[in-house]
Amino acid sequence: MNKEKILKPKGKSFLMGDEAIVRGALEAGVGFVSTYPGTPATEIGDTFSALAKDAGIYFEYSANEKIAMEAIIGASLCSIRGLVAFKHFGLNVACDSLLPAAYIEARAGLVIVVSDDPSGWSSIQSEQDSRHFATMANIPIIEPADQQEAKDLIKYAFEISEKFKTPVLFRITTRVAHVSAPVELKPFPKPTLKGDFQKDIKKFNAFKPRITEMHNQLLQKIETLRKEFVDSKANFIVNNKKNSTGIICSGVSFLHVMEILEKNKLTIPVLKLGTIYPLPTKLIIDFLKNKERVLIVEELDPFVENQVAIIAQTNKLQIEIFGKNIIPQSGELTPAIIENAMTAAFNIKMVARNVTLSPSKGDIPRRFPVFCPGCPHRATFYSIKQIVPDAIFGGDIGCYMMGIFPPYFTQDFQYAMGAGLGISHGINKILQLNKSDKKNIAFVGDATFFHAGIPALINAIHNKANLLLVIMDNSITAMTGLQPNPGTDKTGMGEPTSKTSIEELVKACGANSLEISDAYNLKQTQAAIKTQLEKPGVNVLLVRRKCALLMLKESRQQGIKRPTFQVDQKECEHCGTCYTKFSCPAIKHENGITEIDQTMCVGCGVCAQICSAIKINKK
Amino acid sequence: MFNVLITGVGGQGVITLAEIIATAALLSGEDAKMTEVHGLAQRGGSLQCSIKIGKNIKSPLVSNGEVDLLISLEPLEALRVLNLLAPTATVVFDTHKIIPISVYSDKTTYPAVEEIEKTLRAITQNIFLTNGTDKVQELTGNVMALNIFMLGFAFYKKTLPTELTEEILLQSIKQTIGEKHFETNQKIFKAAALG
Ligand SMILES: Cc1ncc(C[n+]2csc(CCOP(=O)(O)OP(=O)(O)O)c2C)c(N)n1
């Protein structure tokens, strides 16, 4: 990571939206940052992790998002500016602590960055629109459209947070978080971590009867913010003139709209909103007045649209509102989609787009994500399939989720982090009640176990499930890009810390038994699976082997050359086990020959345990 | 506006290559916007990353039919984005196949490189191919710098905007990847002049 481009005192840097947020937070004088990795917000945490020491701030990867949220609430109670960042699902986890944080006045700026992921580029669980949390929590939302705004509006979010003593939701989407563009920088102050907790028991509790009183204050605050946002620099009008049509948009949609208008030399007025909850009513009324048709362009749900419709109706404005009736509510928006909507709403002709060939999808082999060469998860799933190919496999969220793909099929369902065990437990209770002898196996990674797996394990044990939990411990948070977790010996600031022992935890939870194996050792793992499946109650198999990406990174740093393996063509019997059942991407079969791609093999040697024709390359 | 698309397989250095091109564009006095789609695709999946170069860039997305230059680090990945290519597009790709494991379960066939080239010719005649993977492996003992080789190849075949001079590209490589590996990277970039 190039820290320099974010830490330089002034000038211009080419920054990704996530990095621009980091810079903006530094310019705002943030002191305390916590996060839980999750793409498209991952790079916010990773960037802070890389530069926290240089910048003189505190940073941590928390064990999960709720705890990350709580950590910055604690910091703000000590009058330190805090920022927390996570992906949309993270806000679901953090939500329970967020709501009271709106009731109890923040003592210092408290900004929550949440990144939604329309089209699910990096998310498989749902296409949620996190803006709804703000209406539930009664907190304002600020949303940037590009990287410059991401940086500038973070500062504004801190200002609003401190002026109104409220948490602020800073909402981005993939095409803000993961777009890089030149960003103009401003100097940033020396951060301060000088703070203390001053007791104020009445203020920091919402105990009855305070709860309704505080709720009322909160509702009033939202009304004040509604007025404040009328003059906010986050909102502005382009092509401000008298016109019968208009467009209201927020986020990256604004950029798509502007591209279309410029390309087609159109001058339709555009109200660009950066404060999207509560909507500045007066600004909206002024924009709607004298217009006949307005198109609202936003990704996912009709969040702005519904608010605008209410404003139009309560103010008896006769205006036709277009939005989700002609723009999809699912998937990312593109200029082409918006162009079609504009044509439909305003009846205008646009410059024709290039006609192109569409690739005939059926003919092109799919390339889904795979376990890397040397990935211990592949070896574990291979072992499982050898012993119990038909068990009910509770899936979870991590690199092992690629077990949904052929040839493994070892993730029968996937819901949310830690849910694999919880749901397997529910299934198992039904199986027990029906005297079924089907086997239940739940998988969980080390990070996910720490994040949300422990209560599920305690629950399964307490409520007498019969199942096998396989903890796939690759000793890192791999899926999101190798972040530390409570099982690793370094913090997010690179300081040494004690590792939390998974085996001690499992024992303390009261599991019936625990076996430990090395994922690379197929015999040992398969024997352990067999043993564990025969026992009643909740049994655990801890399969441990370092993530191959991490192993390679460390080998490179230490200058260690990894061996490679190759197929002895004289001995190969062309059975296909290595490429159809084990399926390492380094093993390829073409024109009747099976070979190991020497540029891809990382020398884990697991395939050599499957077939005696595979041997170490002595060259 | 000049739109570049880099495609390849997760782990090949697609994003770094896009960053180098975007940074070079800025060094040459242009603006640039780049967007990538990674995350799940990082694990050996298909990966695409676009760079818009020009002034007053609004939307970061490149639409169908708008790509002026496609650099694909893997042959099959060039085929996947035909719809994005402009009729005047140039395509540069590496011929080393990375066979996706799906061909064994789906019983599909990885097309021959000649087939891929033929399909691309239906859109454009400006096609340049090379076996960069083998050359980089020969030069450095691994394939990590394939992206740099392909950048050099695209440059020496004059497929990049003329503002992106050799000097600017090398400076961008240094700035993006760092001083440490610069010697090697420069060697690889220049080796691509021979195709
Ligand atoms: C609530 C929530 N937070 C974050 C994420 C993003 N995420 C996906 S996988 C993963 C980590 C998985 O780590 P681990 O369980 O150790 O498995 P590994 O990838 O290392 O195999 C995270 C944080 C998410 N999907 N949901």
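Colleague: What share of the 195 residues in chain B is buried?
Modeller: Buried residues make up 64% of chain B. Buried means under 20% relative accessible area, exposed over 50%, and partly exposed in between, with a 1.4 Å probe and protein chains only. This is a predicted model, where local features need pLDDT of at least 70, side-chain atom pairs count only at pLDDT 80 or more, and totals for chains, interfaces and linings use all residues. Residues are numbered from 1 along each chain as its sequence is written, chains are lettered from A and ligands numbered from 1 in the order in which they are written, and side-chain values use heavy atoms, without hydrogens and water.

Colleague: How many helices and strands does chain B have?
Modeller: Chain B has eight helices and six strands. They are DSSP runs, numbered from the N terminus: helices are H or I with at least four residues, strands E with at least two. Along the sequence the pattern reads β-α-β-β-β-α-β-α-α-β-α-α-α-α.

Colleague: And why call chain B as compact as a globular protein of that length?
Modeller: Its radius of gyration is 16 Å, close to the 16 Å that the globule rule gives for 195 residues, so chain B is as compact as a globular protein of that length. The radius is taken over C-alpha atoms, and the rule is 2.2 Å times the number of residues to the power 0.38.

Colleague: Switching to the ligand. Which residues come nearest?
Modeller: Glu65(A), Gln125(A), His377(A), Asp446(A) and Thr448(A), of the 26 residues around the ligand. Near means that a heavy atom of the residue lies within 4 Å.

Colleague: How much of the ligand does the protein bury?
Modeller: The protein buries 97% of the 590 Å² that the ligand exposes when taken alone. Those areas come from the Shrake-Rupley method with a 1.4 Å probe.

Colleague: Which element gives the most to the shell?
Modeller: H16(A), with four residues. Helix H5 (88-103) and helix H16 (446-462) of chain A are the elements giving two or more.

Colleague: Which domains are involved?
Modeller: Domain 1 (3-230) and domain 3 (376-555) of chain A each give at least three residues to the shell. The bounds come from an automatic or database domain assignment.
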